[in-house]
Amino acid sequence: MPLLFHIPGALREFTAGHSTVKVEPSGGTVYHALIALCALYPGVRDRVLTEQGQVRQHINIFTGNEDVRYTGGLATTVPDGSEISIVPAVSGGQTSANDF
């Protein structure tokens with residue numbers, strides 16, 4: 001059974017505009033799911049993973065509602081039919097006393 005990736009707007013140019021992508025990983029971990037996604041859409045790889053194959057610092061990956069950083073990282077098991085979300089971290093901005 002395929003897994004479903006939720007693709008953020010910033011990465012959709014690399015997935016032919018798709019906001020969701022189904023993949024058939026060859027293993028049952030987040031790592032295998034990401035490799036399957038990158039095989040379909042190679043442009044995603046460098047934006048999500050480092051050269052060493054780790055998740056980039058400002059990218060969060062969730063299986064369901066769980067951040068994989070706290071569930072085993074790329075070795076996190078994903079059952080058939082799971083949904084995985086790629087979420088870029090959002091930061092920045094500046095406030096002043098007049099904003100309050």
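Before we start, one term: two residues are in contact when they have heavy atoms within 4.5 Å of each other. Keep in mind, too, that this is a predicted model.

Stop 1: Switch to cartoon view and look for the open sheet of five strands, which has the order 2-1-5-3-4 and mixed pairing. Its edge strands are strand 2 and strand 4 (66-67), each of which pairs on one side only.

Now select strand 1 (residues 3-6) and strand 2 (residues 20-23): they run antiparallel and are joined by four bridges. Click Phe5 and you'll find Val21 of strand 2 opposite.

Stop 2: Select helix 1 (30-40). Helix 1 lies across strand 1, strand 2, strand 3 and strand 5, and runs at about 110° to strand 2. Which residues of helix 1 are buried? Color Val30, Ala33, Leu34, Ala36, Leu37 and Cys38 to see them. A handy rule while you look: an α-helix has 3.6 residues a turn, so residues three or four places apart point the same way.

What do those buried residues of helix 1 pack against? Show strand 1, strand 2, helix 2 (45-48), strand 3 and strand 5, and you have the partners.

Stop 3: In soluble globular proteins, nonpolar side chains tend to be buried together. In this model, the largest nonpolar core has 23 residues, and the ones touching the most other members are Phe5, Leu34, Leu37, Val48, Ile61 and Ile86. Strand 1, strand 2, helix 1, strand 3 (59-63) and strand 5 each give two or more residues to this core. Helix 1 supplies the largest share, six residues.

**Stop 4: a threonine in a loop.** Jump to Thr76, in the loop between strand 4 and strand 5. Is Thr76 buried or exposed? Thr76 counts as buried, because its relative accessibility is 6% and the cut-off for buried is under 20%. Zoom in on its side chain: a polar atom there lies 2.7 Å from the backbone oxygen of Gly73. Apart from residues within four places in sequence, Thr76 is in contact with Gly28, Thr29, Val30, Thr63, Val68 and Thr71.

**Stop 5: a glycine in another loop.** Select Gly53, in the loop between helix 2 and strand 3. Gly53 is buried too, with a relative accessible area of 11%. Not counting residues up to four places away in sequence, Gly53 touches Arg45 and Leu74. Try the distance tool on the C-alpha atoms of Gly53 and Ile35: they are 18 residues apart along the chain and separated by 9.7 Å.

**Last stop: the start of the chain.** Finish at Met1, in the segment before strand 1. Met1 is exposed, with a relative accessible area of 65%. Beyond its neighbours within four places in sequence, Met1 is in contact with Glu24, Asp80 and Gly81. For one more distance, go from Met1 to Val55: they are 54 residues apart in sequence, and 24 Å apart in space, C-alpha to C-alpha.

Note on methods
Residues are numbered from 1 along each chain as its sequence is written. This is a predicted model: local features need pLDDT of at least 70, side-chain atom pairs count only at pLDDT 80 or more; totals for chains, interfaces and linings use all residues. Side-chain values use heavy atoms; hydrogens and water are left out. Two strands pair if DSSP finds at least two bridges between them. A nonpolar core is a set of buried Ala, Val, Leu, Ile, Met, Phe, Trp, Tyr and Cys residues joined through side-chain atoms within 4.5 Å. Buried means under 20% relative accessible area, exposed over 50%, partly exposed in between (1.4 Å probe, protein chains only). Axes are lines fitted to C-alpha atoms, for helices over the stretch in contact, and angles run from 0 to 180 degrees between N-to-C directions. A polar contact is a pair of N or O atoms within 3.5 Å; within protein, one must be able to donate a hydrogen and the other to accept it, and residues adjacent in sequence count only if both atoms are side-chain atoms.
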